[in-house]
Amino acid sequence: MTDTMPSTSGSVLRTAYQESVAEYWNAEQDPVNLRLGDVDGLYHHHYGVGDFDPSVLEGPEETRNQRIIEEMHRLETAQAELLLDHLGPLGPQDRIMDTGSGRGGSSFMAHNRFGCAVDGVSISQKQVDFANEQARERGVADRVRFHFRNMLDTGFETGSLSASWNNESTMYVDLHELFAEHARLLRHGGRYVTITGCYNDVTGGRSKAVSRIDEHYTCNIHPRSAYFRAMAANGLVPISVVDLTDQTIPYWELRARSSVATGIEDPFLTAYREGSFHYLLIAADKV
């Protein structure tokens, strides 16, 4: 893939909001990300799906929290596996992109599964440096690379990707701009997948709980309908839509009982249970 964009801060961070988001993630040292990644060296920046094993809450008190941490990490890794399941058939000849790649966990999983080249982009220089060091340590730096880039204007070659994804990062950007860039990057028939939280249009605007989530993460959660309008406007046709809301609630219930709880657990659980917030997987093909 040809990389044509310079990586100076001024060319990547185009607005004061983007600068504030980059500042947030450059400063982030949240144990809920780091402690979980320490379990096996895969560092994620997303939540989990599936029922947790209740036995982790039993047994010796002195090891209970470590059991919870390990189980939370299993659930977040299962979430990434689910996303990768929807990328379609891929092989070593393909190139794919993780937009909003964080510390690189999903990118390494994709390379391990498919053998393909992976490029990750993030507006956090700190995350990019961390992930590239991980790639060197894993011996895959020639095939998995991370770049200080803006997901709305990556600078990579048109039609060069077989697949691309966002994992819980769409709430930081304008969806029309984002899907226009994915559509530009994907070859004809290429696959785009996102897992995201979105607010429920049927219940009206953002609920109090959803607004609290926005405030906590310095983001702007979109309504569910906005995803489908923006995809349609940019030649991305959904082929699979999976409501993961019920599947993510156990993760949040377990996280609320862990030492890495941040206080945002209650708003998530409230929003999911009251129906004002949905957790969706959307897979779409470029036409």
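Me: Which residues of α11 are buried?

Reply: This is a predicted model, where local features need pLDDT of at least 70, side-chain atom pairs count only at pLDDT 80 or more, and totals for chains, interfaces and linings use all residues. Residues are numbered from 1 along each chain as its sequence is written, and side-chain values use heavy atoms, with hydrogens and water left out. Buried means under 20% relative accessible area, exposed over 50%, and partly exposed in between (1.4 Å probe, protein chains only). By that cut-off, the buried residues of α11 are E265, P267, F268, L269, A271 and Y272.

Me: Against which elements do the buried residues of α11 pack?

Reply: Contact means heavy atoms within 4.5 Å. Helices (H or I, at least four residues) and strands (E, at least two) are DSSP runs, numbered from the N terminus. The elements packed against the buried residues of α11 are α8, α10 and β7 (277–286).

Me: Which residue takes a positive phi just after α11?

Reply: The phi in question is about 85°. Just after α11, the residue that takes it is G275.

Me: Where is the place of I264, and is I264 buried or exposed?

Reply: I264 sits in the loop between α10 (245–255) and α11 (265–274). Its relative accessibility is 0%, so I264 counts as buried.

Me: Which residues is I264 in contact with, leaving aside its neighbours within four places in sequence?

Reply: I213 is 51 residues from I264 along the chain, yet their C-alpha atoms are separated by 6.9 Å. I213 is also one of the contacts of I264.

Me: Which residues of α2 are buried, and why do they lie on the same side of α2?

Reply: The buried residues of α2 are Q18, V21, A22 and W25. They share a side because they cover, around the axis, an arc of only 100°. The arc is that of the directions from the helix axis to the C-beta atoms. An α-helix has 3.6 residues a turn, so residues three or four places apart point the same way.

Me: Which exposed residues does the face of α2 turned away from its buried side carry?

Reply: This face is turned away from the buried side of α2. The exposed residues on it are A16, E23 and A27.

Me: How far apart are the end C-alpha atoms of helix α2?

Reply: The expected span of a helix is 1.5 Å times one less than its number of residues. For the 12 residues of α2 (residues 16–27), that gives 16 Å. The end C-alpha atoms agree, being apart by 16 Å.

Me: Which residue stands opposite G120 in β3?

Reply: Two strands pair if DSSP finds at least two bridges between them. Strand β2 (residues 117–122) and β3 run parallel, joined by five bridges. Four of the five residues of β3 (residues 144–148) are buried, so β3 is largely enclosed by the rest of the structure. In this strand, the residue opposite G120 is F146.

Me: Which residue in β4 stands opposite D98, and which residue in β5 stands opposite N167?

Reply: β4 is mostly covered, with seven of its seven residues buried. Strand β1 (residues 95–99) pairs with β4 in the parallel sense over three bridges. β4 also runs parallel to strand β5 (residues 186–199), through six bridges. D98 is opposite W165, and N167 is opposite I195.

Me: What is the phi of E168, and what is the phi of T218?

Reply: Most residues other than glycine have a negative phi. E168 lies in the loop between β4 (161–167) and α7 (175–185), and is buried with a relative accessible area of 10%. T218 is in the loop between α8 (208–217) and α9 (224–233), and counts as partly exposed at 29% relative accessibility. Both values are positive: E168 has about 60°, and T218 is near 55°.

Me: Which residues is H222 in contact with, leaving aside its neighbours within four places in sequence?

Reply: H222 lies in the loop between α8 and α9. Its relative accessible area is 10%, so H222 is buried. Beyond four places in sequence, its contacts are T170, M171, V173, L175, C198, Y199 and Y227.

Me: What radius of gyration does the chain have?

Reply: The radius is taken over C-alpha atoms, and the globule rule is 2.2 Å times the number of residues to the power 0.38. With 287 residues, a compact globule would come near 19 Å. The chain agrees, at 18 Å.
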